[in-house]
Amino acid sequence: MNPAAKITAFTAALAASFGAAYGIGTVTDPGAGNTEPAGHTESAAPHAEGNRAGPPAGGLQISEGGYTLDLRTPRVEAEQRSELRFAVLDRSGRPVTDFQREHDKEMHLILASRDLATYRHLHPTRAADGTWSTPVDLPAAGDYRVFADFTTAGRNAADLTLGADLAVSGPYKAAELPKPALTAEVDGYTVSLNGTLRPDVPEHLTFTVRKDGRPVTDLQPYLGAYGHLVALRAGDLAYLHVHPDGEPGDGSTEAGPDVSFTATATGSAAYRLFLDFKHDGTVRTAAFTVPSGVAADNPRPATPSDGHDDSTSDGQEDGGHGH
């Protein structure tokens, strides 16, 4: 499948109590040997009048299309390195061992806390018996959602996102959803957002990456693209995983400073957007809060005075990298 033509579902929860800001995180590119699939729905075309059919929300079900997410580590301890293990089971209850690689991986595993203060994008390793595993080190106790984003193999290949709950033990205090902002900063990079989200209408979102005030024009391909966007819808942890408009080597997509996406919001709710981009060998994550139905137009280069989100982020990926 063409990565530029895919839009996957990742959206998540707007609980009444969302406290403590979430901004951006630094992630390092993992080594080889990790495998993963991607659960997506085909991306909608650029905005056209009358086109109101958005992609279905994903990650709300533990079973779909004859496949079931079997989370074999339902509980871990906060602030302790643990191994998270799971499998994808077929209709007969057997672990699936044949996946299609999407965006360089067989499996994309997303972890998010219900208050959206913690976010991880992991690429676990699959054993011969179909068991997936990855190290995790989560900083805070609470309820988390685990999303397995993959593509099945064979004639009837399907893009799926299955979800299950993960409990993290320890003292718990809910965080508050950060306020909407058009810029985010991480490691000397400023990322600005220009775009809009409207329920059930395909819209363009463009992120502009700058470092020390200068446009970054040499972004590096990461998982077959110059950027990946995951959106968490407030309220239900539905999953909207969006891929860029264009890809490296297609003859028209430049390596920055702009990375654009087509996204269709499902319902009127606040969204937390997580943009992963790679530069100088490191994957970083910039996070934004965007209400669905409210414009986020930002035609001029953003500066901190434009309302940047300078909150401390916790988007680092356990096990090596984020997508």
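Ring pairs join Y67, F86, F99, W132 and F150 into a cluster. Rings of Phe, Tyr and Trp (its six-membered ring) pair if their centres lie within 6.5 Å; planes under 30 degrees apart count as stacked, over 60 as edge-to-face and the rest as tilted. The model is predicted: local features need pLDDT of at least 70, side-chain atom pairs count only at pLDDT 80 or more, and totals for chains, interfaces and linings use all residues. Residues are numbered from 1 along each chain as its sequence is written, and side-chain values use heavy atoms, with hydrogens and water left out.

The structure holds nine aromatic pairs. The F86 and W132 rings are stacked, because their centres are 6.2 Å apart and their planes meet at 10°. This pair links distant parts of the chain. F86 sits in strand 7 (residues 82-89) and W132 in strand 12 (residues 131-136), 46 residues apart. Strands (E, at least two residues) and helices (H or I, at least four) are DSSP runs, numbered from the N terminus.

Y189 and F277 form an edge-to-face pair, 5.6 Å centre to centre with 65° between the planes. Y189 belongs to strand 16 (residues 189-196) and F277 to strand 22 (residues 270-279), so the pair ties together parts 88 residues apart in sequence. Y189 and F277 are both buried.

The largest nonpolar core has 28 residues. Such a core is a set of buried Ala, Val, Leu, Ile, Met, Phe, Trp, Tyr and Cys residues joined through side-chain atoms within 4.5 Å. F207, L273, F277 and F288 touch the most other members. Strands supplying at least two residues each include strand 15 (183-186), strand 17 (202-211) and strand 23 (282-291). Strand 22 gives the largest share, four residues. Beyond its neighbours within four places in sequence, L273 contacts L193, L197, L205, F207, L229, V230, A231, A286, A287, F288 and V290. Contact means heavy atoms within 4.5 Å. Another core, of 27 residues, lies apart from the largest one; V96, V136, L138 and L162 are among its members.

The protein chain has zero helices and 25 strands. Of its 323 residues, 56% count as buried. Among contacts between residues at least 6 apart in sequence, 76% join residues at least 24 apart. The chain exposes about 12,600 Å², with carbon and sulfur atoms supplying 47% of that area. Accessible areas come from the Shrake-Rupley method with a 1.4 Å probe; for residues, only the protein chains shown count as cover.

Methods
Buried < 20%, exposed > 50% of the residue type's maximum accessible area, 1.4 Å probe, protein only.
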